[in-house]
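Q: I have a model open and would like to learn how to read its features one by one. Where should we start?

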Amino acid sequence: MMTTVHNVAPLREQIRAWRAQNLRIALVPTMGNLHRGHFSLIDLAKQHADRVVASVFVNPTQFGPNEDFTIYPRTLEADTHGLATAHCDLLFAPGVSEVYPNGLANQTRVRVPIIENDLCGAVRPGHFEGVATVVCKLFNMVTPDLAVFGEKDLQQLRVIQKFVKELNIAVEILGAPTRREANGLAMSSRNQYLTADEHDRAGQIFATLEKMRQLWQKSDATAQQIQRQGWEQLELAGMRPDYVEIRDYESLDSNILPESVASGLVAARLGKTRLIDNLMFGRRHL
Ligand code: PAF
């Protein structure tokens with residue numbers, strides 16, 4: 001039976017009881033509005049731990065002033081039902097004042113240099129600082145042995161891995177493969193902002209990444225040429241790309257060594273919605 005708690009005190013009480021039984025604990029942080037992608041994170045967590053905690057918290061510090069914080073879909077009842085069905089053990093669903101009791105303005109923050117200002121960070125200033133801050137707080141509240149994050153948000157995963165390593169936090173980070181809809185669109189809570197026509201056209205993001213991967217593996221086109229072609233393909237589908245990049249899969253550096261694995265990363269706007277996706281390209285065999 002899944003329990004739901006809204007405060008840190010009962011959360012810690014439950015964690016203490018599990019620790020006393022030597023149980024391995026996993027955390028799956030989410031902002032709610034859960035879909036099949038999230039439930040696959042719970043499944044992966046269950047394979048690696050004895051008990052799974054999911055958090056549902058729409059974190060205000062990772063949204064910019066003109067972003068969708070106020071309209072972000074909040075569906076706690078359905079999320080609770082879905083998590084119980086997925087055999088999650090504990091749902092932590094705190095309010096803003098529980099996570100930020102001293103308010104937001106003077107909150108201590110976690111900054112992750114360089115990477116936080118690249119790619120999505122370049123168009124969403126402060127976003128990754130907000131993510132790193134709340135994830136660090138969740139780690140300290142839950143003290144999990146491991147935590148699971150979707151590879152769909154590859155830059156977020158790398159930001160989290162970097163601060164965990166550099167702040168010596170004793171948590172293992174697992175990345176979970178991206179779940180896709182029938183047309184290839186990566187599952188995301190923001191997909192529900194799309195009209196039916198936009199939803200169809202959004203399948204072009206994955207098609208573009210697949211085409212780019214093919215060029216990367218099978219042609220001698222430069223990264224710049226492949227990026228430009230990807231950009232044009234997205235524009236033809238009516239999207240406005242923020243970036244179309246080929247980067248080192250691990251470091252997200254634009255300098256990709258011959259022996260390194262590459263990855264394609266895309267962020268594009270379609271109507272009022274901003275979508276992101278990425279695909280591992282592998283090594284280049286030229
Ligand atoms: O990926 C998300 O849903 C959020 O960025 C996270 C990791 C739960 C932090 O608020």
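A: Start with the word contact, which here means heavy atoms within 4.5 Å. The model is predicted. Take Gln-156, which is found in helix α7. Not counting residues up to four places away in sequence, Gln-156 touches Phe-128, Val-131 and Phe-149.

Q: Is Gln-156 buried or exposed?
A: The cut-off for buried is under 20% relative accessible area. Gln-156 has a relative accessible area of 17%, so Gln-156 is buried. Exposed means over 50%, and Pro-125, with a relative accessible area of 67%, is exposed. The C-alpha atoms of Pro-125 and Gly-37 are separated by 26 Å, and these two are 88 residues apart along the chain.

Q: Which residues have the most contacts inside the largest nonpolar core?
A: A nonpolar core is built from buried residues such as Ala, Val, Leu and Phe, joined through side-chain atoms. The largest one here has 45 residues, and those with the most contacts inside it are Leu-11, Val-53, Phe-139, Ile-160, Phe-163 and Ile-173. At least two residues of this core come from each of α1, β2, β4, α5, α6, β5, α7 and β8. α6 gives the largest share, ten residues. Another core, of 25 residues, lies apart from it and includes Ala-202, Ala-223, Ala-237 and Ala-268.

Q: What is Phe-139 in contact with, leaving aside its neighbours within four places in sequence?
A: The list is Leu-27, Pro-144, Ala-147, Phe-149, Ile-160, Phe-163, Val-164, Ile-169, Val-171 and Ile-173. Ile-160, Phe-163 and Ile-173 were also named above among the residues with the most contacts inside the core.

Q: How do I read a helix that has a buried side, for example α1?
A: Check the length, then the sides. The 13 residues of α1 should span 18 Å at 1.5 Å a residue, and its end C-alpha atoms are 18 Å apart, which agrees. Val-8, Leu-11, Ile-15 and Trp-18 are buried in α1. Around the axis they cover an arc of only 90°, which puts them on the same side of α1. The face turned away from that buried side carries the exposed residues Ala-9, Glu-13, Arg-16 and Ala-20. Packing against the buried residues of α1 are β1, β2, β3, β4, α4 and α6. Just after α1 comes Asn-22, with a positive phi of about 65°.

Q: Which residues of α9 are buried?
A: They are Ala-223, Ile-226, Gln-227, Gly-230 and Leu-234. Down the axis of α9 these buried residues fall within an arc of 100°, so they line one face of the helix. Exposed residues Gln-224, Arg-228 and Leu-236 are on the face turned away from the buried side. The cover over the buried residues of α9 includes α8, β7 and β8. The span can be checked too: 14 residues at 1.5 Å a residue should give 20 Å, and the end C-alpha atoms of α9 are 20 Å apart, which agrees. After α9 comes Gly-238, whose phi is positive, near 85°.

Q: Where else should I look for a positive phi?
A: Most residues other than glycine have a negative phi. Asn-33 has a positive value, near 50°, and is found in the loop between β2 and α2. Asn-33 counts as buried, at 9% relative accessibility. Leu-252 also has a positive phi, near 65°; its place is in the loop between β7 and β8. Leu-252 is buried, with a relative accessible area of 3%.

Q: How many aromatic pairs does the structure hold, and how is one described?
A: A pair of aromatic rings is described by the distance of the centres and the angle of the planes. The structure holds five aromatic pairs. The rings of Phe-57 and Tyr-100 have centres 6.3 Å apart and planes at 45°, so this pair is tilted. The pair links distant parts of the chain, 43 residues apart: Phe-57 is in the loop between β3 and α3, and Tyr-100 in the loop between α4 and α5. Phe-57 is buried at 5% relative accessible area, and Tyr-100 counts as buried at 3%. One aromatic cluster is formed by Phe-63, Phe-69 and Tyr-72.

Q: Over which ring does the charged end of Arg-158 sit?
A: It sits over the ring of Tyr-249, 4.8 Å from its centre. The charged end of Arg-284 sits over the ring of Trp-216, 4.3 Å from its centre.

Conventions
Residues are numbered from 1 along each chain as its sequence is written. This is a predicted model: local features need pLDDT of at least 70, side-chain atom pairs count only at pLDDT 80 or more; totals for chains, interfaces and linings use all residues. Side-chain values use heavy atoms; hydrogens and water are left out. A nonpolar core is a set of buried Ala, Val, Leu, Ile, Met, Phe, Trp, Tyr and Cys residues joined through side-chain atoms within 4.5 Å. Buried means under 20% relative accessible area, exposed over 50%, partly exposed in between (1.4 Å probe, protein chains only). Helices (H or I, at least four residues) and strands (E, at least two) are DSSP runs, numbered from the N terminus. Rings of Phe, Tyr and Trp (its six-membered ring) pair if their centres lie within 6.5 Å; planes under 30 degrees apart count as stacked, over 60 as edge-to-face and the rest as tilted. A charge sits over a ring if NZ of Lys or CZ of Arg is within 6 Å of the ring centre and within 35 degrees of the ring normal. The expected span of a helix is 1.5 Å times one less than its number of residues. The arc is that of the directions from the helix axis to the C-beta atoms.
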